[in-house]
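Open the model in your viewer and keep the sequence panel beside it. The stops below are meant to be selected in order.

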Amino acid sequence: MTLPIPPQPGIMDIELYQGGRSAIAGRTDVLKLSSNENPLGPVPAAMQAVGQVVADMHRYPSTDHAALRTAIGEVWSLDPARIICGVGSDEVLQFVTQAFAGPGDEIIHTEHGFSLYPVLIKMAGATGVCVPEAGRRVDVDAILGAVTDATRIVLLTNPGNPTGTRLPDADLARLVDALPERILLVIDAAYTEYAAGYDGGASFAATRPNVLMTRTFSKIYGLGGLRIGWGYGPQWMIDVMTRIRQPFNLSTVQLAAAEAAVRDTAWVRDCVALNDAQRARLTGALGQLGLAVDPSETNFVLARFADAAEAKSAADALEAEGILVRGVAGYGFPEGLRITVGDAAQTGRVIETLGKWRAAA
Ligand SMILES: *Cc1c(COP(=O)(O)O)cnc(C)c1O
């Protein structure tokens, strides 16, 4: 393609990210279970905080995010100086790929990892090295086997999306120990709150010179539309990334909402309890319908059907009832559907619809 003004090399090779669908033509009662959003909506404390700052929108926001970093540090027992905040964790992931990799450098990611990674890798001009997983689980040996002199970064989704599985702590420790310290390990821990007993990799980010943990307000806090995420890592790494962070990347509204959200620890507890109960119910019901489902440590499950045609038939049946789930062929699962865990009534609708679909087949 010839363009009037040629962009930088590689830019036109970037494919646009495909998000989960949110609409069905002609329907207003759509149940969207395609993007792992919180069925309870935004955390109310954030909505309240936003109302209080709208009158300040003529003021520029804080550039150092000190109040939000302090709140995150207090709630999660982390050093606020080692936290960096971004426009979603997506932006933090962009900081790290842009700051530490470029043309000629390799970034390792895994077969079923987050589909944004190839986009970010190309944005940095680096080369992606995709390694296989084993039985829908991250394979530490495959990652270590792919390391070369050109490797700069390893991007790990843990728990995984769309697999929902988590690398056991002992395996994560083995990866951290075996990876040369010249290679930066990113633990993308967007679903930490839903994984019992997991710290998101915070202990490694706190003690190792080469580990970054990324976290988000998009999932359990129900603030995906507001775009706030953060990273935790060694001081030197945070200082590097801060140099390529725009000074006003987060708005007054984002900062106020996130600070109120993170302090609402009761909300997180309630959402985890709801998710635990409905995830177990959904997993059990799918199993009874003869579908394969790995135990999930997230707010979604990956249902595996006999083949792509059967998965499509089930997705069509759900869509006919106004329910949107996520096809995951692009993540290497043509036979799979990723279904966000809803509240009790929503989960009931999914189970009932799939039950009828199965009975009619
Ligand atoms: C949802 C999700 C995120 C969060 O992205 P934001 O930019 O914070 O909304 C990050 N990583 C994975 C794997 C996710 O599924």
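This is a predicted model: local features need pLDDT of at least 70, side-chain atom pairs count only at pLDDT 80 or more; totals for chains, interfaces and linings use all residues.

Select residues 28-353 to begin. An unreviewed UniProt entry annotates this range as "domain: Aminotransferase class I/classII large". Colour the range by secondary structure: 40% of it is helix and 18% is strand.

Next, show the side chains of Leu-3, Ile-11 and Met-12. Together they make a nonpolar surface patch with about 250 Å² of accessible area. Met-12 sits in the segment that precedes strand 1 (31-32). Its relative accessibility is 47%, so Met-12 falls in the partly exposed class.

Now move to helix 2, residues 66-76. Which of its residues are buried? Leu-68, Arg-69, Ala-71, Ile-72 and Gly-73 are buried there. An α-helix has 3.6 residues a turn, so residues three or four places apart point the same way. Then step just past the end of helix 2 to Ser-77, where phi is positive, at about 55 degrees.

Finish with Cys-85 and Cys-130. Is each of them buried or partly exposed? Cys-85 is buried, at 1% relative accessible area, whereas Cys-130 is partly exposed, at 47%. With a disulfide taken as two cysteine sulfur atoms within 2.5 Å, the count is zero.

Conventions
Residues are numbered from 1 along each chain as its sequence is written. Side-chain values use heavy atoms; hydrogens and water are left out. Buried means under 20% relative accessible area, exposed over 50%, partly exposed in between (1.4 Å probe, protein chains only). UniProt positions are given in the numbering used here, feature names are shortened, and annotations may be inferred rather than shown by experiment. Helices (H or I, at least four residues) and strands (E, at least two) are DSSP runs, numbered from the N terminus. Patches are made of residues with over 30% relative accessible area and no salt bridge: like charges are joined within 9 Å, nonpolar side chains (Val, Leu, Ile, Met, Phe, Trp, Tyr) within 5 Å. Accessible areas come from the Shrake-Rupley method with a 1.4 Å probe; for residues, only the protein chains shown count as cover. A salt bridge is a side-chain nitrogen of Lys or Arg within 4 Å of a carboxyl oxygen of Asp or Glu.
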